[in-house]
Amino acid sequence: MISIAILGYGTVGSGVAEVCRMNSDVIRQRVGRSIDIRYILDIRDFPDDPFADRITRDADRIINDPDVS
């Protein structure tokens, strides 16, 4: 598994998250590992979003996580 962080959750960041979610099977087949969105960095809250539990405002949390590629 490859753990990633998305920096920003506007039009582009939310699109990246959605592409990763929708194409997870294809990505796993082509890369040989799945992608886990560990964090999404943004200053806003998205309480009703499917990725709401991954949103953080703390960039250091991402930088200091050795599992994030």
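A salt bridge here is a side-chain nitrogen of Lys or Arg within 4 Å of a carboxyl oxygen of Asp or Glu. The model is predicted, so local features need pLDDT of at least 70 and side-chain atom pairs count only at pLDDT 80 or more, while totals for chains, interfaces and linings use all residues. Residues are numbered from 1 along each chain as its sequence is written, and side-chain values use heavy atoms, with hydrogens and water left out.

**Overall fold**

- The protein chain has three helices and three strands; helices (H or I, at least four residues) and strands (E, at least two) are DSSP runs, numbered from the N terminus.
- Along the sequence, these elements follow the pattern β-α-α-β-β-α.
- The radius of gyration (taken over C-alpha atoms) is 12 Å, close to the 11 Å given by the globule rule for 69 residues, so the chain is as compact as a globular protein of that length. The globule rule is 2.2 Å times the number of residues to the power 0.38.
- The C-alpha trace spans about 35 × 25 × 20 Å along its principal axes.
- Of the 69 residues, 32% count as buried; buried means under 20% relative accessible area, exposed over 50% and partly exposed in between, with a 1.4 Å probe and protein chains only.
- Contact means heavy atoms within 4.5 Å. Among contacts between residues at least 6 apart in sequence, 56% join residues at least 24 apart.

**Strand pairing**

- Strands S1 (residues 2-7) and S2 (residues 35-41) pair in the parallel sense over six bridges; two strands pair if DSSP finds at least two bridges between them.
- S2 also runs parallel to strand S3 (residues 55-56), to which two bridges join it.
- Across these pairings, Ser-3 stands opposite Asp-36 in S2, and the bridge partner of Leu-41 is Thr-56 in S3.

**Around Ser-3**

- Ser-3 lies in strand S1 and is buried, with a relative accessible area of 5%.
- Beyond its neighbours within four places in sequence, Ser-3 is in contact with Asp-36, Arg-38, Asp-67, Val-68 and Ser-69.
- Ser-69 is 66 residues from Ser-3 in sequence, yet their C-alpha atoms are 5.9 Å apart.
- The side chains of Ser-3 and Arg-38 are joined by a polar contact of 3.0 Å. Such a contact is a pair of N or O atoms within 3.5 Å; within protein, one must be able to donate a hydrogen and the other to accept it, and residues adjacent in sequence count only if both atoms are side-chain atoms.

**Salt bridges**

- A search of the whole structure finds seven salt bridges.
- Arg-38 is partly exposed at 27% relative accessibility, and Asp-67 is partly exposed at 47%.
- Asp-36, Arg-38, Asp-65 and Asp-67 are linked in a network of salt bridges.
- Arg-57 forms a salt bridge with Asp-45, the closest N and O atoms being 3.1 Å apart. Arg-57 lies in the loop between S3 and H3 and Asp-45 in the loop between S2 and S3, so the pair ties together parts that are twelve residues apart in sequence.
- Both Arg-57 and Asp-45 are exposed.

**Tyr-9 and its partners**

- The structure holds one aromatic pair: the rings of Tyr-9 and Phe-46 have their centres 5.0 Å apart and their planes at 85°, so the pair is edge-to-face.
- Rings of Phe, Tyr and Trp (its six-membered ring) pair if their centres lie within 6.5 Å; planes under 30 degrees apart count as stacked, over 60 as edge-to-face and the rest as tilted.
- Tyr-9 lies in the loop between S1 and helix H1 (11-22) and Phe-46 in the loop between S2 and S3, so the pair ties together parts that are 37 residues apart in sequence.
- Tyr-9 is buried, with a relative accessible area of 6%.
- The backbone nitrogen of Tyr-9 is reached at 2.7 Å by the side chain of Asp-42, a residue in the loop between S2 and S3.
- Asp-42 counts as buried at 9% relative accessibility. Not counting residues up to four places away in sequence, Asp-42 touches Gly-8, Tyr-9, Gly-10, Thr-56 and Arg-57.
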